[in-house]
Amino acid sequence: AQGADELVFLDISATQESRATVTDLADQVAAEINIPFTVGGGISSVEQVYRLLRSGADKVSINSAAVYRPDLIDELVREFGSQCIVVAIDARQTESVWQVYTSGGRKQSNYELLSWANEVQNRGAGEILFTSMDHDGTKDGFAVEILKSLNSLLSIPIIASGGAGAMEHFGEVFHNGKADAALAASVFHFNQIQIPFLKSFLKNNNIPIR
């Protein structure tokens, strides 16, 4: 009702707790809204994705399972098409390298961010949801520089996540970070930023919005 373009539900502890995402929640949410709805958390099989899409999700987001078994991306794309397969990537900057993390940002993987993002695209994912774990929750702004690097490397849409705290941060991530979309949680949940005002702010700053 506030004007969000999409809703993303991520059960961020599902992998850590070996718990599958609850499909009846997707069914209930889908019955209430008419905007695209993405579900993620603990998804690791074609069967799970099939159930979520049948329950009303428009897209599914996979993360840790893709890092552990990259062929999963290929399998899901073959079965359902790129348009509904989002690969979420959580990363932290370690010295000069951005390292990919799994299990809700708790476990460091062997993948470097840019190489993994490129592989994800080559395997057919339709979008990447990138979260900077260093920025997440800080409300100090998005990871603009690495987002710019991702945009230069990739041709698929990139959703920026982690760090939103002010309307100016959204303007910066679109203008300088070249993100295709921006995701935020607490600033919207606690009404610190109202979506209609944010959209007006972006429009007034020459950023194309819906």
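This is a guided tour of the structure above, one selection at a time.

Before you click, know that this is a predicted model, where local features need pLDDT of at least 70, side-chain atom pairs count only at pLDDT 80 or more, and totals for chains, interfaces and linings use all residues. Residues are numbered from 1 along each chain as its sequence is written, and side-chain values use heavy atoms, with hydrogens and water left out.

**Stop 1: helix 1 and helix 2**

Select residues 23-32, which are helix 1, and residues 46-55, which are helix 2. Helices here are DSSP runs of H or I with at least four residues, strands are runs of E with at least two, and both are numbered from the N terminus. The two helices pack at an angle of about 25°, and their axes are 8 Å apart. (Axes are lines fitted to C-alpha atoms, for helices over the stretch in contact, and angles run from 0 to 180 degrees between N-to-C directions.) Helix 1 and helix 2 are therefore roughly parallel to each other. The cut-offs: angles under 35 degrees count as roughly parallel, over 145 as roughly antiparallel, 65 to 115 as roughly perpendicular, and the rest as oblique.

Helix 1 passes helix 2 in a right-handed crossing. Now show the side chains that make the contact: Thr-23, Ala-26, Asp-27 and Ala-30 on helix 1, with Arg-51, Leu-52 and Ser-55 on helix 2. Contact means heavy atoms within 4.5 Å. Sorted by class, this contact has three nonpolar, two polar and two charged residues. (Ala, Val, Leu, Ile, Met, Phe, Trp, Tyr, Cys and Pro count as nonpolar, Asp, Glu, Lys and Arg as charged, and the others, Gly among them, as polar.)

**Stop 2: helix 2 and helix 4**

By class, the contact of helix 2 with helix 4 has six nonpolar, no polar and two charged residues.

**Stop 3: Ser-45**

Next, pick Ser-45, in the loop between strand 2 (37-40) and helix 2. Is Ser-45 buried or exposed? Ser-45 is buried, with a relative accessible area of 18%. (Buried means under 20% relative accessible area, exposed over 50%, and partly exposed in between, using a 1.4 Å probe and protein chains only.) Leaving aside neighbours within four places in sequence, Ser-45 is in contact with Leu-72 and Leu-76.

**Stop 4**

Select Ile-85 in strand 4 (residues 85-94). Ile-85 counts as buried, at 1% relative accessibility. Draw a distance from its C-alpha to that of Ala-125: these atoms are separated by 5.6 Å, though the residues are 40 apart along the chain. Beyond the neighbours within four places in sequence, the contacts of Ile-85 include Val-60, Phe-80, Ala-125 and Glu-127.

Jump to Glu-127, in strand 7 (residues 127-132). Glu-127 is buried too, with a relative accessible area of 15%. Which side chain makes a polar contact with the side chain of Glu-127? It's Lys-59, at 2.7 Å. (A polar contact is a pair of N or O atoms within 3.5 Å; within protein, one must be able to donate a hydrogen and the other to accept it, and residues adjacent in sequence count only if both atoms are side-chain atoms.)

**Stop 5: Tyr-68 and Ser-103**

Head to Tyr-68 in helix 3 (residues 64-68). Tyr-68 counts as exposed, at 51% relative accessibility. Not counting residues up to four places away in sequence, Tyr-68 touches Thr-102, Ser-103 and Lys-107. Its side chain makes polar contacts with the side chains of Thr-102 (2.9 Å) and Ser-103 (3.4 Å).

Click on Ser-103, in the loop between strand 5 and strand 6 (107-112). Ser-103 is buried, with a relative accessible area of 1%. Check its backbone as well: phi is near 55°, a positive value in a residue other than glycine.

**Last stop: Glu-95**

Finish at Glu-95, in the loop between strand 4 and strand 5 (97-102). Glu-95 has a positive phi of about 55° although it is not a glycine. At 80% relative accessibility, Glu-95 counts as exposed.

Terms used: Left-handed = near helix turned anticlockwise from the far one by under 90°.
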